[in-house]
Structure formats: C-alpha cells, structure tokens
Amino acid sequence: MSDPLKYVVELNNIKAKVCELDRLLNAGEIGFMLNEVLESYASLFNRFCPYKVGDRVQLKESLDIPEGHGWHYCRHFLGKGAIATVKKCGYRDDVFTFGLIFDDESHIHYQTGEIIPAKEDQKHLFYLSENKIEDFNV
C-alpha cells in the first residue's frame, strides 16, 4: 500500500530543490504550482480522512475470504467487530484505505487446524478501504 503522507514529506524536499532551481532560472511558477498541489493533497488527509494513524477501528462486517486467498487462514478473526489499530493511511479509487494491525491476529495451521496466535512483533498489515471499517466502540 502506498503511504501518501510520507510521499508529501519526500516531495516537499524535492520541491525545495525545484524552487531553488526555479529561482536560478527566474521562472517563478514551478515552486508555486508544486506548493499548491502538495498542500492540497496533504489537506485531503488532514481534513477529510476518517481515521488517523493510531486510531482504533473495528470491522463493520465479516470479510468474505475465498479459499486460496492469502488471508484464508486468517478468516476466523476477520469477523464483524474485530478490533484493529490504524498503522497506515492511503487513498485509491476514490476511497481512503488503511493498513491495519488486528488485536487478535492468528492463523489456522494448514495441517493441524490449530489456531496459532501471532506474536506482537510478527503481526501483519491488513489493507482495507474505509467502507469496511468503523470507529471502535468500547
């Protein structure tokens, strides 16, 4: 998943160099245009993104995960109400997207069927769109 807010920071660094070049060439417009685009894009997240990194969310409904999908052995904990923490924010196809770490991540062992909890430092990011999650209500 992309990390647009990180890209804004990186592009702002590039913009500084472009502005310097712009001044040397006496063009005057490139820096202004880049600033307008970067500020607009960052404000999209700051003003309209429904969740921020660190927010707690839950699944609105159980995910339909077909056999053979990479998440198939995780389907048991990806049910309605599963609680997660937002770790990354993105935007694609007109919706905000989120990299989530679920509290109760585990997997079903493919041979034994045993449910094996994930160690805290080995949890995965599950990327879902804004229409799959909602505020976590304690």
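Helices here are DSSP runs of H or I with at least four residues, strands are runs of E with at least two, and both are numbered from the N terminus. With that in hand, let us walk through this predicted model.

**A loop to start with**

Glutamine 122 sits in the loop that links β5 (115-117) to β6 (126-129). Its relative accessible area is 47%, so glutamine 122 counts as partly exposed. Histidine 76 lies 46 residues away from glutamine 122 in sequence, and the two C-alpha atoms are 18 Å apart in space.

**How the strands pair**

| Strands | Bridges | Sense | Residues standing opposite |
|---|---|---|---|
| β1 (residues 56-59) and β2 (residues 83-92) | 3 | antiparallel | Arginine 56 and threonine 85 |
| β1 and β7 (residues 133-135) | 3 | antiparallel | Valine 57 and aspartate 135 |
| β2 and β3 (residues 95-102) | 8 | antiparallel | Tyrosine 91 and phenylalanine 96 |
| β3 and β6 | 4 | antiparallel | Glycine 99 and tyrosine 127 |

In turn, β3 is joined to β2 and to β6. Strands β2 and β3 form a hairpin with 2 residues between them, and aspartate 93 in that turn has a positive phi of about 50°.

How many of the 8 residues of β3 are buried? The count is 6, and the strand is mostly covered. As a general point, side chains in a regular strand alternate between the two faces of the sheet.

Strand β6 also holds serine 129. Is serine 129 buried or exposed? Its relative accessible area is 18%, and since buried means under 20%, serine 129 is buried. The side chain of serine 129 makes a polar contact of 2.3 Å with the side chain of asparagine 131.

**Helix α2**

Helix α2 covers residues 30-48, methionine 33 among them. The helix has 19 residues and spans 27 Å from its first C-alpha to its last, close to the 27 Å expected at 1.5 Å a residue.

Which residues of α2 are buried? They are Gly31, Leu38, Ala42 and Phe45. Methionine 33, in contrast, is partly exposed, because its relative accessibility is 46%. Together with Ile30, Phe32 and Leu34, Met33 makes a nonpolar surface patch of about 360 Å².

Terms used. Residues numbered from 1 in each chain as written. Predicted model: local features only at pLDDT ≥ 70, side-chain atom pairs only at ≥ 80, totals over all residues. Heavy atoms only, no water. Pairing = 2+ DSSP bridges. Patch = residues over 30% accessible without salt bridge, like charges linked within 9 Å, V, L, I, M, F, W, Y side chains within 5 Å. Areas by Shrake-Rupley, 256 points an atom, 1.4 Å probe, with all protein chains shown as cover. Salt bridge = Lys/Arg side-chain N within 4 Å of Asp/Glu carboxyl O. Buried < 20%, exposed > 50% of the residue type's maximum accessible area, 1.4 Å probe, protein only. Expected span 1.5 Å × (residues − 1). Polar contact = N/O pair within 3.5 Å; in protein donor to acceptor, adjacent residues only side chain to side chain.
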